[in-house]
Amino acid sequence: MKHTISIIVENKPGVLARVAGLFARRGFNIESLAVGTTEVESVSRMTVVASGDDSVLEQITKQLYKLIDVIKVFDIPGEQAIERELALIKVACTKENRPEIMQIVDIFRGRIIDVSEGAVTIEMTGDEAKVEGIEKLLKKFGIKELVRTGKIALQRGVNE
Amino acid sequence: MELTGAQAVLECLKKEGVHTIFGYPGGAILPFYDALYHEKEIKHILVRHEQGAAHAADGFARATGQVGVCVATSGPGATNLVTGIATAYMDSIPIVAITGQAATAFLGRDSFQEADITGITIPITKHNYLIKKAEDLPRIFKEAFHIARTGRPGPVLIDIPKDVQINKLNFKYPEKVNIPSYKPNYEGHPKQISAAAKAIQSSKRPLIYAGGGVIASGASKELTEFAIKCNIPVTTTLLGKGCFPETHELSLGMLGMHGTVYANYSIQECDLLIAIGARFDDRVTGHIEKFAPKAKHIHIDIDPAEIGKNVKIDIPIVGDVKTVLCQLIEKAATKDDHRPWLEQIVEWKKKYPLSYKNDNGIKPEFVVEQIYEATKGEAIITTEVGQNQMWAAMFYKYTKPRTFISSGGLGTMGYGFPAAIGAQVGCPDKIVFDIAGDGSILMNIQEMVTAVANKLPVKIAVLNNSYLGMVRQWQELIYGKRYSQVSLETNPDLVKVAEAFGAAGITVTKPEEVRAAIEQSLTIKDRPTLIDFRVAKEENVYPFVPPGQALNEMLID
C-alpha cells in the first residue's frame, strides 16, 4: 500500500542524507521524494511516497522521529490529500501532427512552453493519474525526454 | 572570554564534568593537542590505536554511568573509531567522539587525511556534527552531551576542522539546551500503568525480562523492589546482567541462545511477559514467532521505535524505566496467588542447573567460577566476544549494575581489553578482569602499552583453547565438524607478549594452579597481569539454542 508521508525537518546541511539513508538502511523503498522550503524559513518539508503496510509505516515514522533534525512526521491519507506533481515532457513532432498534440495538451490543461523544429515541450501539472494519462497519449509521437518532480501534498482544510 | 576553538573544546569538556579523555593525536587535531599541553584538569590517556580509545571511552561510560570521551585525528584516525562508535551505538552507550578534520577551505577536495566522517557515522551515531564556525562550538558541545546522555543514550560525534580549532571565539557556555525536535518522554502514561498493574494482578505466570535499559536508567533498585513486591521472577539479557542480583531466588539468570534452561522454559510458559528496557533481539528470542507464545506482552522502553519493532505488544509503556517502575510500584498490589508457577520454576532450576563436567584439564567454566570466588563477586568483568563472553556471563554471578561490561549488540571482538582499561580508569579502586579468548585478545593487544604506561592493574584472563572457539563450536554442531580457519595454534606465547610490553604474565596448565594464579594477579597492583589459562580445547557453551529454533528447543549438552 502506498503512503504519502510529510516530513518536517530543520533546514540544515546533511538532513536529506540522514532521511534518505534511514529509508535505505531500514529497507523502506522510496518511490518519490520532493524537498523544498516552507512558510517557516528554518524549516524544510519533504514529501515521500513509500509503500508498505501499516506496521511498516509505523516503524518508518518512529525511526524518522529518532533523527534529531526531524520535527514532525505525518501520513496524509489519500482521501484527505491535495496532491500535485509537475512533469516536463519533450515530444517529437512534425507539422502534420502538431495540432493533434496541442489538442491533447489542451484537454489535459497542460501548456506548451517550448516549440522548436522537431519537438515541443509540455508542462503538465496534476496528480499522478493525470501526468501518467498524458504520458500514455503522447507516447505514440515519440517522447524524447521526460522529467517529474515527485509528488508534493498538503492536507485539505485547516490543520489543527 | 576570548578563546581559540581548541581551548573552547577543553572548556566545554570541563563544563560537562569531563576529567578523563582517551585519544591519539595527529595532523588535523594538532591545535587541540597544543591546547591540551597546558591543561591541568583534564587527564588524557594516550592509547595505541584509535579503536582502543573508542572502546575505552565506552568501557569508562559503562562502568561509571558518565559520558565517555574519545579523541582522534581526521581521516584514518576518525575511521579507526568507527568500530568503537558502532559498538556503543548498538548497546546505547553515551560517548562523545571528537575528531579533527581538514580545514574548511580544503573540505570536499580529497585533501590529505580527509574523510567524510559525519557521513560515514550517520547510521551508527545518535547524532553528529561538523562544526563550520568556531562560535558554534559551545552550543554544539552542549547539545552533543545532552543528546548522548538523555533519552535512549548513544554516541555523538563532533567533527572539528583544523581552522575551527585555531579561530577565536567569544566563549560563553549555554546554560540550557534548546532542541525543539528532541524531547524524550520520561513519564509513563497513567492509563498504560493502570493497564499493566491490572494485567499483573490477573496473571498466573508472570515473568520479567530485563535488559540494558534498566542499567542505563539507573533503575536496578526500583526493578528489584518491583520484582520482590509482586513476587515476579526476573530473567535478564546479556546487557541486563547485574540489574537484578543473580544470587536472589527470583533470579533466573540470562535468557536466549545461551540462556539457562529455566529462563528459556519460563519464557515459553509464562502468561505475562514484562519486557523492561530490552529490545527483543534475535539472540534473545530465537525463532521470533515461537517466542513466549502463551504470553500477553507489556513493554517498557524510552525509545518508542522499539515498541512493536520485533514483537507485537499488548501494553506499551513509553518512558524512562526508572520513572515508570516507580509509577508501577505505586500502582501494583503485592501478589501471592501464583505459587504453582514459582514452584514450577524451582523444579526446573533443580532439574536443569547450569553445569559442566569438571574433568579433562582446565575447564573454562571452572576458571570463571574461580574468578568469581576469588573476587567475591565484587569485580568489574569485561569480556571479549565468543565462548569467553558466554562463560563469563553464565558462571560469574552479577549482583550490581555496571559490573558486567560486554559488546552485546555488535559483538565486537577486541572490545574487552580496552573497555577494561576504560573501566579501570573510571573505577580505580575496583578489581577489573577482562575475560578473553586467545582470538580476541590479539585484536587490541597493543593497548597493553596503555595499561602499562598508566600503571593500570587490569587482569586479563585468557581462556586459551587454541581455537576461535565459538566459530569452532558452530562448525562442530552445524557445519559437520569442518573446522575452517579456526585453529590458532600458531599464536605467540601470550605471557612472553605480555612481558615484552612490561606487564606481568602467568601461564596456567593445571586445574590446581588456577586459583593461585588468580590470587597472585590480585596482588599485582602497579601493572596489568595476563593469565594464560590453557583450557580444554573443544569445550562447548551449553545450553545452546541453534539459530532459528524456539527457546525450548535447546541443546543441553
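**Exercise 1.** Which strands of chain B does helix H21 (residues 494-501) lie across, and at what angle does H21 run to S19(B)?

*Before you start.* You're looking at a predicted model: local features need pLDDT of at least 70, side-chain atom pairs count only at pLDDT 80 or more, and totals for chains, interfaces and linings use all residues. Residues are numbered from 1 along each chain as its sequence is written, while chains are lettered from A and ligands numbered from 1 in the order in which they are written.

*Solution.*
- Step 1: find the elements, which are DSSP runs numbered from the N terminus (helices: H or I, at least four residues; strands: E, at least two).
- Step 2: H21 lies across S18, S19 and strand S20 (529-534) of chain B, at about 170° to S19(B). Such angles run from 0 to 180 degrees between N-to-C directions, with axes fitted to C-alpha atoms, for helices over the stretch in contact.
- Step 3: check helix H22 (residues 511-523) of chain B, which lies across S18, S19 and S20 of chain B, again at about 170° to S19(B).

**Exercise 2.** Work out the strand order of the open six-stranded sheet in chain B.

*Solution.*
- Step 1: trace S16-S15-S17-S18-S20-S19, with parallel pairing (strands pair if DSSP finds at least two bridges between them).
- Step 2: spot the edges, S16 (404-405) and S19 (504-508) of chain B, each pairing on one side only.
- Step 3: zoom in on S17 (residues 432-437) and S18 (residues 459-464) of chain B, joined by five bridges. Here Asp434(B) sits opposite Ile460(B) in S18(B).

**Exercise 3.** Describe how domain 1 of chain B meets domain 3 of chain B.

*Solution.*
- Step 1: get the bounds, which come from an automatic or database domain assignment: domain 1 is 2-170, domain 2 is 190-351 and domain 3 is 364-534 in chain B.
- Step 2: the centres of domains 1 and 3 of chain B, taken over C-alpha atoms, are 29 Å apart.
- Step 3: count contacts (C-beta atoms, placed from the backbone, within 7 Å): 25 residues of domain 1 of chain B touch 25 residues of domain 3 of chain B.
- Step 4: on the domain 1 side, H3(B) gives the most, with 11 residues.

**Exercise 4.** Which residues does Ile95(B) touch, leaving out residues up to four places away in sequence?

*Solution.*
- Step 1: list the contacts, among them Ala57(B), Ala61(B), Val69(B), Cys70(B) and Pro155(B).
- Step 2: Asp58(B), Gly68(B) and Ala148(B) are also included.

Methods:
Contact = placed C-beta atoms within 7 Å.
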